[in-house]
Amino acid sequence: MLTEFGKMLRKLRIDCGEIIKNMADKLGCTASYLLAVETGKRSVPDEWADKIIALYSLDDDAAQKLRSASTADAKSLKIDMNNLFGAKRETAILFAREFSDVDDATAEKIRELLKGNRGSNIGVYRRTPKQTAA
């Protein structure tokens, strides 16, 4: 079954008149590996979205859709813990350990909190100057 990311890659290939081997060569992988990513048998490599955007000169809208599809199809997520200390480090570890047991309502509250929704009833997330959008 094709993933959303896989569907986008296949459409991009067809639109560009390429076969799977051509795209695989551009991405530095085998055609069978590319097919495994498309079908969800392998995770999308972290660098692929940006690489594809650059290789195929995707516009901003297409680039955003590809990044979203890449994230949606992810089977795992890596968190760089090198610069996390104290409460941030403990929170990341606890989150990773306990997340599979979180119900949908709690997950939604966490999502809204992290997005900066100040209307959430689980606390107020204050943006630091570094996080503030321009």
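Modeller: Helix axes here are lines fitted to C-alpha atoms over the stretch in contact, and angles run from 0 to 180 degrees between N-to-C directions. Keep that in mind for this predicted model.

Colleague: Why is α2 called roughly perpendicular to α3?

Modeller: α2 and α3 pack at an angle of about 95°, and their axes are 8 Å apart. Angles of 65 to 115 degrees count as roughly perpendicular. So α2 is roughly perpendicular to α3.

Colleague: Which residues in α2 and α3 meet?

Modeller: From α2 come Ile-20, Lys-21, Met-23, Ala-24 and Leu-27. From α3 come Ala-31, Leu-34, Leu-35 and Glu-38. In this contact of α2 with α3, seven residues are nonpolar, two are charged and none is polar.

Colleague: What makes up the largest nonpolar core?

Modeller: That core has 18 residues. Phe-5, Met-23, Leu-27, Leu-34, Trp-48 and Ile-52 touch the most other members. Two or more residues come from each of α1 (4-15), α2 (20-27), α3 (31-38), α4 (48-55) and α5 (60-72). α4 gives the most, with four residues. In soluble globular proteins, nonpolar side chains tend to be buried together.

Colleague: Which residues is Ile-52 in contact with, beyond its neighbours within four places in sequence?

Modeller: Ile-52 is in contact with Phe-5, Leu-9, Leu-12, Leu-27, Ser-57, Leu-58 and Leu-66.

Colleague: Ser-57 is on that list. Why does Ser-57 count as exposed?

Modeller: Ser-57 has 64% relative accessibility. Exposed means over 50%. Therefore Ser-57 counts as exposed. Ser-57 lies in the loop between α4 and α5. Ser-57 also has a positive phi of about 45°, although it is not a glycine.

Colleague: Now α6. Why is α6 said to lie largely in the open?

Modeller: Buried means under 20% relative accessible area. Of the 13 residues of α6, the number buried is one, so α6 lies largely in the open.

Colleague: How does the reach of α6 compare with what is expected?

Modeller: α6 covers residues 86-98. From its first C-alpha to its last, α6 reaches 18 Å. That is close to the 18 Å expected at 1.5 Å a residue.

Colleague: How many helices and strands does the chain have?

Modeller: The chain has seven helices and zero strands. From the N terminus on, its elements run α-α-α-α-α-α-α.

Colleague: And how much of the chain counts as buried?

Modeller: Of its 134 residues, 25% count as buried. Among contacts between residues at least 6 apart in sequence, 43% join residues at least 24 apart.

Notes. Residues numbered from 1 in each chain as written. Predicted model: local features only at pLDDT ≥ 70, side-chain atom pairs only at ≥ 80, totals over all residues. Heavy atoms only, no water. Expected span 1.5 Å × (residues − 1). Buried < 20%, exposed > 50% of the residue type's maximum accessible area, 1.4 Å probe, protein only. Core = buried A, V, L, I, M, F, W, Y, C linked by side-chain atoms within 4.5 Å. Contact = heavy atoms within 4.5 Å. Parallel < 35°, antiparallel > 145°, perpendicular 65-115°, else oblique. Nonpolar A, V, L, I, M, F, W, Y, C, P; charged D, E, K, R; others polar.
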